[in-house]
Amino acid sequence: MKHTLFPWERGVRFDRGVLVGELGPGEHRLPWRRSVLQRVDIRPRTMTPAAQDVPTADGVLVRVTVVVRWAVSSATKFVVESASPEDELYTAVQLALRGAVLPRAHTAVDAEREAIAAEVLAAVALRAEELGVAVSDVAVRDVVMPGELRRAALAELVAASEGRAALERARGETAALRSLLNAARLAEEHPALLELRALQAASTVVVDRPARKS
């Protein structure tokens, strides 16, 4: 029986139920009565496990979502070691994510996304290798805090903005008072300045126009 494997496929061959070996791309002719060929797609793929509500070290439930980039590294292990290798990888990622978030305070989860992703990647590497899988990248996609914390954070931002505005107003008022105080000191030290200022305010310009000749 003839089998054609594409460049992104590997074939795991069994004869009468016994593992024979792994076949690469190309055309393969196998005895159809005793041989079975399991095709495995080795192209990279992405897994996005369901968002998980994880309790943090300070008792806050934080919803976290990760994205995992992986590919089959050993077609033979992928077929032989587990009846459902993708499900096993899914579970390993969820457990590793939980383990990375649990020791952190809720305020650190979003700030330490890269560190959490690195911990998840390291935690799943061994189990992935046993399943014939190589995990190339893990990224924390979403970190969602409970509604009451989001509202509190928004109120804190508003309060901080209002505080900055009040501070600017106070600085402006202080500058104006300082200018008035300086002016008052100058007037006290140099009374002539007040007379000059009064003359300046009351001064008018007189234009002498020549009389017309009759």
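1. Arg-16 is found in the loop that links β2 (9-15) to β3 (18-23). The model is a predicted one. Phi of Arg-16 is near 50 degrees, which is a positive value in a residue other than glycine. Is Arg-16 buried or exposed? Arg-16 has a relative accessible area of 67%, and because the cut-off for exposed is over 50%, Arg-16 counts as exposed.

2. β2 and β3 pair over five bridges, in the antiparallel sense. One place to look is Arg-13, which stands opposite Gly-21 in β3. As background, strands of a sheet pair through backbone hydrogen bonds, and the pairing is either parallel or antiparallel.

3. β2 and β3 also belong to an open sheet of three strands, with the order β3-β2-β5 and antiparallel pairing. Which strands are at the edges? They are β3 and β5 (35-41), each of which pairs on one side only. On average, neighbouring strands of this sheet are turned by 25 degrees against each other, with direction ignored.

4. Strand β1 (residues 2-5) is joined to strand β4 (residues 26-29) by four bridges, and the two run antiparallel. His-3 has His-28 as its bridge partner in β4. The covered face of β1 holds His-3 and Leu-5, while Lys-2 and Thr-4 are on the uncovered face.

5. Gln-52 is placed in strand β7 (residues 52-55). With a relative accessibility of 13%, Gln-52 counts as buried, because the cut-off for buried is under 20%. What does the side chain of Gln-52 reach? That side chain comes to 3.2 Å from the backbone oxygen of Gln-94. Leaving aside residues up to four places away in sequence, Gln-52 touches Val-62, Arg-63, Val-64, Gln-94, Leu-97 and Arg-98.

6. Helix α2 comprises residues 85-101. The length of α2 can be checked. At 1.5 Å a residue, its 17 residues should span 24 Å, and the end C-alpha atoms are 25 Å apart, which agrees.

7. Val-60 lies in the loop between β7 and β8 (61-72). Val-60 and Thr-107 are 47 residues apart along the chain, and their C-alpha atoms are separated by 9.6 Å.

8. Some totals complete the note. The protein has six helices and nine strands. How many of its 214 residues count as buried, as a percentage? The figure is 28%. The accessible surface comes to about 14,600 Å², and carbon and sulfur atoms account for 56% of that. Among contacts in the protein with a separation of 6 or more, 65% are between residues 24 or more positions apart.

Conventions:
Residues are numbered from 1 along each chain as its sequence is written. This is a predicted model: local features need pLDDT of at least 70, side-chain atom pairs count only at pLDDT 80 or more; totals for chains, interfaces and linings use all residues. Side-chain values use heavy atoms; hydrogens and water are left out. Buried means under 20% relative accessible area, exposed over 50%, partly exposed in between (1.4 Å probe, protein chains only). A polar contact is a pair of N or O atoms within 3.5 Å; within protein, one must be able to donate a hydrogen and the other to accept it, and residues adjacent in sequence count only if both atoms are side-chain atoms. Contact means heavy atoms within 4.5 Å. The expected span of a helix is 1.5 Å times one less than its number of residues. Accessible areas come from the Shrake-Rupley method with a 1.4 Å probe; for residues, only the protein chains shown count as cover. Two strands pair if DSSP finds at least two bridges between them. Axes are lines fitted to C-alpha atoms, for helices over the stretch in contact, and angles run from 0 to 180 degrees between N-to-C directions.
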